[in-house]
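I opened my notebook to look up how this protein chain is put together. Here are my entries, written for anyone who is starting out as I did.

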Amino acid sequence: MNFKRLAAMVLCVVTMFGATAWTGGTETYAASVVGRGMTRTGSPAGDNVSGAGSSTSAGSASGADSGELRGAWFSYLDWQNMPTDEAGFKAAADQVMSDIQKNGMNAIFCHVHSHSDAYYPSSVLPTSKFLPGNGRFDALQYMIDSAHRHGLRFHAWFNPYRVTGYQMKWSDVPAGSIVKQWYASGNRNVLLFDGNYYLNPAQPAVRDLVVSSIREVLTKYAIDGVQFDDYFYPDLGKDAATNFDYPEYQLYSGNASITEWRKANVSALIAAVYQTVHAVRPSAVFGVSPVGPLRNLRSEKSYFVDIDTWMSHTGYIDYVLPQIYFDFEQKTGSGVASDAAYANCLGSWLQLRQKTGGKVKLYVGLALYKCGTSAWDGNAKPEWLRRSDILLREVQLARQSGQVSGFGIYAYQNFDDAAAQAELANLRMVFQ
């Protein structure tokens with residue numbers, strides 16, 4: 001793939017497609033929903049709740065029969081708690097899939113590559129330290145088989161650039177891994193920044209490695225999708241314009257700013273993965289689950305995600321699943337209503353989807369892990385502690401938009417939390 005040609009495409013002006021709805025802003029959207037039949041608690045006041053993904057007949061409050069995707073994230077933290085013997089692992093895997101299915105969900109978003117490692121026998125990457133059994137049996141194959149037996153779609157979850165952090169130390173990376181070989185060679189394919197190691201998004205060799213690992217999974221396993229989450233460029237801080245991959249930018253001969261150049265680096269990977277997914281396994285889909293607030297996602301210090309281009313042009317992603325991990329009453333540190341508050345944040349994504357022509361499916365990520373806890377939301381007593389119907393109302397509000405095609409629940413590890421049981425019961429009710 002010609003990188004300069006791709007970069008030019010990435011940096012072009014986003015074409016507008018006649019967006020007409022919710023042009024009054026996200027607050028206008030939130031108010032309009034209340035006016036169209038939601039009570040103060042968010043319960044339907046009439047029969048005006050539509051199914052997900054496209055408009056459905058009046059009175060369809062469920063969405064469960066509308067092709068709606070409803071998945072749970074199963075992370076490396078869940079992997080490391082699984083039994084290490086094969087028989088015990090298989091029994092636990094079956095229980096995982098049963099738990100997800102019984103709670104009204106139809107998909108699992110499962111880590112297969114969390115720290116430039118592999119949760120399966122790989123010729124590209126080293127075995128993950130979080131993999132039960134250390135590769136003595138093919139745990140991933142059983143997870144996929146069990147998911148399909150339970151009627152679940154299996155989306156393989158990759159973190160493209162992360163090497164260390166979040167319980168993974170540099171000393172945990174095997175000496176023979178390509179990551180350590182690269183770092184020892186000084187070729188700048190691996191960068192140390194703020195105490196952690198990352199693959200360098202500016203390097204074509206890095207792009208090739210990530211794509212090769214994804215191609216390997218697509219070839220070996222009957223997965224239904226590939227998903228990236230929000231770990232792209234790390235937060236580069238106040239010196240973002242001159243640190244991290246700045247030496248590579250100095251070698252760049254084009255006219256783009258360093259922010260545009262970094263976005264083009266990430267977009268080149270996204271386009272290559274999309275092409276690989278659809279070439280190797282045409283029935284599979286590729287999606288990204290970025291942070292929820294668009295203001296944060298468009299930062300010039302972190303992520304460097306060109307979400308507007310990805311959603312307005314074909315050839316990047318099939319779906320976007322923003323992590324809207326906020327309650328309705330989220331405030332800023334100064335105590336005013338935040339643009340991250342659920343209705344506002346959702347409204348901004350609905351506007352973006354309409355502005356970009358609706359080419360990409362919109363799913364919504366919800367925070368089961370915050371339910372019943374004192375997670376900060378800017379209020380003296382968090383709404384998460386005061387109410388036990390937040391996720392219920394969030395699903396209802398999203399469905400009423402007629403633009404949301406599904407949900408992601410973070411995370412499976414919280415299914416047993418006592419504080420989350422009321423909200424989990426709400427999800428069972430609204431998902432069945």
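**Entry 1: two helices side by side.** I began with helix 7, which passes helix 9 in a right-handed crossing. I noted the rule for the hand: a crossing is right-handed if the near helix is turned clockwise from the far one by less than a right angle, and left-handed if anticlockwise. Helix 7 covers residues 204–220 and helix 9 covers residues 258–280; they pack at an angle of about 20°, and their axes are 10 Å apart. Helix 7 and helix 9 are therefore roughly parallel to each other. My scale for that word: under 35 degrees is roughly parallel, over 145 roughly antiparallel, 65 to 115 roughly perpendicular, and the rest oblique. The axes are lines fitted to C-alpha atoms, for helices over the stretch in contact, and the angles run from 0 to 180 degrees between N-to-C directions.

I then looked up which residues make this contact (heavy atoms within 4.5 Å). From helix 7 they are Arg 207, Val 210, Val 211, Ile 214, Arg 215, Leu 218 and Thr 219. From helix 9 they are Asn 265, Ala 268, Leu 269, Ala 272, Val 273, Thr 276, Val 277 and Val 280. The residues of this contact divide into 10 nonpolar, three polar and two charged. For that sorting, Ala, Val, Leu, Ile, Met, Phe, Trp, Tyr, Cys and Pro count as nonpolar, Asp, Glu, Lys and Arg as charged, and the others, Gly among them, as polar.

**Entry 2: where my values come from.** This is a predicted model, in which local features need pLDDT of at least 70 and side-chain atom pairs count only at pLDDT 80 or more, while totals for chains, interfaces and linings use all residues. Residues are numbered from 1 along each chain as its sequence is written, and side-chain values use heavy atoms, with hydrogens and water left out.

**Entry 3: the whole chain.** I found 15 helices and 10 strands in the protein chain. Helices (H or I, at least four residues) and strands (E, at least two) are DSSP runs, numbered from the N terminus. Of the 432 residues, 57% are buried. Buried means under 20% relative accessible area, exposed over 50%, and partly exposed in between (1.4 Å probe, protein chains only). Among contacts between residues at least 6 apart in sequence, 75% join residues at least 24 apart.

Entry 4: In what order do the eight strands close into a barrel? I read the order as 1-2-3-6-7-8-9-10, with parallel pairing. Two strands pair if DSSP finds at least two bridges between them.

- Strand 6 (residues 225–228) and strand 7 (residues 285–288) share four bridges, and Val 226 has Phe 286 as its bridge partner.
- Strand 7 and strand 8 are joined by two bridges in the parallel sense, with Gly 287 partnered by Tyr 319.
- Strand 8 (residues 319–320) and strand 9 (residues 361–367) run parallel, joined by two bridges; Val 320 is partnered by Leu 362.

Helix 12 (residues 342–355) packs on the sheet and touches strand 8, strand 9 and strand 10, its direction making about 165° with that of strand 9. Helix 14 (residues 390–401) also packs on the sheet, touching strand 1, strand 9 and strand 10, and its direction makes about 160° with that of strand 10.

**Entry 5: a buried loop residue.** Is Ile 317 buried or exposed? Ile 317 counts as buried because its relative accessibility is 5%. I placed Ile 317 in the loop between helix 11 and strand 8. Leaving out residues up to four places away in sequence, Ile 317 touches Ile 270, Tyr 274, Phe 286, Val 288, Trp 310, Met 311 and Val 360.

Entry 6: I looked up a cis peptide bond, which joins Tyr 410 and Ala 411 with omega about 10°. Ala 411 lies in the loop between strand 10 and helix 15. Asn 134 is not a glycine, yet its phi is positive, near 50°; at 57% relative accessibility, Asn 134 counts as exposed. Arg 188, also not a glycine, has a positive phi of about 65°. Arg 188 is partly exposed, with a relative accessible area of 28%.
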